[in-house]
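Student: Hi! Please walk me through this one, starting with charged side chains.

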Amino acid sequence: MRYKEGSGKWALESGMIFSKSQDGKADNMVGTITDITRYHHLDEALVRNEEAMRTIFSQSPDGIVVFDHKHEVSLVNEAFCRMTGLARDHLLGLAEAQFDAVMQQLCGSEARYSSTANASSMAEARVAIHVDPKHRRRASDREVVVEIFRPEQRVLLRSLIELEQDRLSRVMYFRDITAATQVERMKSEFLSTAAHELRTPMSIILGYAELLKMRTFDEDAQIRMINSIYDQSQSIVKLLNELLDLARIEARAGKAFNMMKLPIAPIITQIAESFMMPGDARKVTLLPLPSLPELMIDREKIGQALNNCLSNAFKFSGKDSEVSLEAHLENSGGQRAVSIIVRDHGIGMSEQELARVFEKFYRADTSGRTLGTGLGMSLIKEIIEHHGGDVYIASEPGKGTVITLTLPVVENEEMAS
Amino acid sequence: MKHRILLVDDNAEVRNLLRLTLVTSPYELREATNGVAALEIMREWKPNIVLLDLMMPGEKNGLQVSREIRQDPALKEVHITMLTARGQQQDIQEGMKAGADAYIIKPFSPLELRRHIQDVVEVINRRRLEGA
């Protein structure tokens, strides 16, 4: 029904004829017109609401599985299929026990997935004590961590929600917490390795110092112990400095860098020369440098990275072994970059060692013969990556190692014109 | 008879420290730089005590060596003290499960280590008397 001024209402009409005249025309009629505008709006709202819910359901990054009153899977969203690699058609209609069996397969064993039925019975027990005022029972303290191994390793946090009005149906949420758990794991591994790296030099310092206090040794032994204490103290100081450097770079995400447009060649020359001081047995062969453009760099940090590369090269090669330093300008697909190459003919690394070279605290030689912290390569990598460059390492056991640092040339339009 | 102690650590300085700590006491000492060598020496030399570093590179770390000792009927009486730079409860439990009798956390005091060895020797002697 539409009013004159244009507004309208939804109406439901029904009529009934009481009596008819002889020619069959209706004589008496009764009819009703019910205004159902309100219901109609409610209906529309419901449809809209359902659409919104469906969008949320399908777009949710959390996996959602709904069990109906028959304890069968009635709804599964995209995120859940993506997480588990399972097809929706395969899941719909599965009974709780069957669903559990599918999940147990992903977890690799029965024991690793606690059954859906169990989760619910626990929630039931808990509900007797605590009823949520919002007519909704959230078994949040019944969250279970589920680790699946197929299609790939993931850590999921499973929680269960039951609706008060509809006691039998249940909604199961799976939140992917893989990334968060990995970070946690790495952090604790890092801390425990850092502690380990400090404890070993500490035991030598403490041990020798205490022995020297306790009794007298001949002069040679004394000198050896004192030298050792000195070396180990230095390695602790170095470890602390490198740790702080790394932490600073990581925490400030490069904000501590003092970037300036500078010619790179003098920096390379200067670092090479610093290794050629009189008295220093280490000799760097600096190959003639081509003409190189200016780069956007932090002079000190690049110097530190280069210095670390050269120190490493010397550390792992023989006394008179040659270490060479060279630089080129390269052009790949219009992006120009300067690559700086440090080449040694030392002990080299095996493939396994090479694979772990950027791991913090990783040291291929753990005998204590070469001093170091295992942080040098991590630092080089952090520094070069903050300059937008890359670090490449090639190595062969017994033959030597080649480290290439690339630094992109920031093309400046003003400069070009 | 002098008690025999095998010192196992991949770090030469730590081995030197252990030797200097114990050399003035009436013990016979030998050293091994890795797990495989340690087991080899033990089978031939039959030490009473082994000071075993937990984290060693190479084929066998301290845990693996410890397990092998406990499985070998000729060696299983050996007292194992683990030297570990990992002082976390979990690491210690793992070491005990692998068969260690005691553990010492790095950094350790030489004086304490010497006292610890004296205690162990006393236990071994008492056990011997009771057995005889």
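**Charges, chains and contacts**

Tutor: Happy to. A:Lys301 is buried, at a relative accessible area of 16%; here buried means under 20%, exposed means over 50% and partly exposed lies in between (1.4 Å probe, protein chains only). Keep in mind that the model is predicted: local features need pLDDT of at least 70 and side-chain atom pairs pLDDT 80 or more, while totals for chains, interfaces and linings use all residues. Residues count from 1 along each chain as written, chains are lettered from A and ligands numbered from 1 in written order, and side-chain values use heavy atoms, without hydrogens and water.

Student: Okay, which residue does A:Lys301 form a salt bridge with?

Tutor: With A:Asp298; the closest N and O atoms are 4.0 Å apart. The rule asks for a side-chain nitrogen of Lys or Arg within 4 Å of a carboxyl oxygen of Asp or Glu.

Student: And is A:Asp298 buried or exposed?

Tutor: Buried, with a relative accessible area of 5%.

Student: How many salt bridges are there over all chains?

Tutor: The structure holds 21. Another one in chain A joins A:Arg154 and A:Asp176, with 2.6 Å between the closest N and O atoms.

Student: Where do A:Arg154 and A:Asp176 lie?

Tutor: A:Arg154 is in strand β7 (residues 154–163) and A:Asp176 in strand β8 (residues 170–176) of chain A, so the pair ties together parts that are 22 residues apart in sequence. Helices (H or I, at least four residues) and strands (E, at least two) are DSSP runs numbered from the N terminus. A:Arg154 is buried at 18% relative accessible area, whereas A:Asp176 is partly exposed at 29%.

Student: Let's jump to chain B. What does B:Glu68 meet in a salt bridge?

Tutor: The side chain of B:Arg43, at 3.4 Å from N to O. This pair links distant parts of the chain, 25 residues apart: B:Glu68 sits in helix α3 (residues 62–71) and B:Arg43 in helix α2 (residues 35–45) of chain B. B:Glu68 is partly exposed, at 23%, and B:Arg43 is partly exposed too, at 38%.

Student: Which residues are linked with B:Arg43 in a network of salt bridges?

Tutor: B:Lys60, B:Glu68 and B:Asp72.

Student: How much area do they bury between them?

Tutor: About 2000 Å², 59% of it on carbon and sulfur atoms. That is the accessible area (1.4 Å probe) that the two parts lose on being put together, summed over both. B:Glu13, B:Leu20 and B:Pro107 supply 26% of what chain B buries against chain A, more than any other three residues.

Student: How many of the residues of α1(B) are buried?

Tutor: Nine of the 11, so this helix is largely enclosed by the rest of the structure. Among them are B:Glu13, B:Leu17 and B:Leu20.

Student: What is B:His116 in contact with, leaving aside its neighbours within four places?

Tutor: B:His79, B:Thr81, B:Ala102 and B:Ile104. B:His116 itself is in helix α5 of chain B, and is buried at 18% relative accessible area.

Student: Back to chain A, then. How many helices and strands are there?

Tutor: 12 helices and 15 strands. Chain A has 417 residues, and 37% of them count as buried. Of its contacts between residues at least 6 apart in sequence, 55% join residues at least 24 apart.

Student: Last one: where is A:Asn28 found?

Tutor: In strand β2 (residues 26–35) of chain A, where A:Asn28 is partly exposed at 42% relative accessibility. Apart from neighbours within four places in sequence, A:Asn28 is in contact with A:Met16, A:Ile17, A:Phe18 and A:Ser19. A:Met16 is 12 residues away in sequence and 8.7 Å away in space, C-alpha to C-alpha.

How values were computed. Contact means heavy atoms within 4.5 Å.
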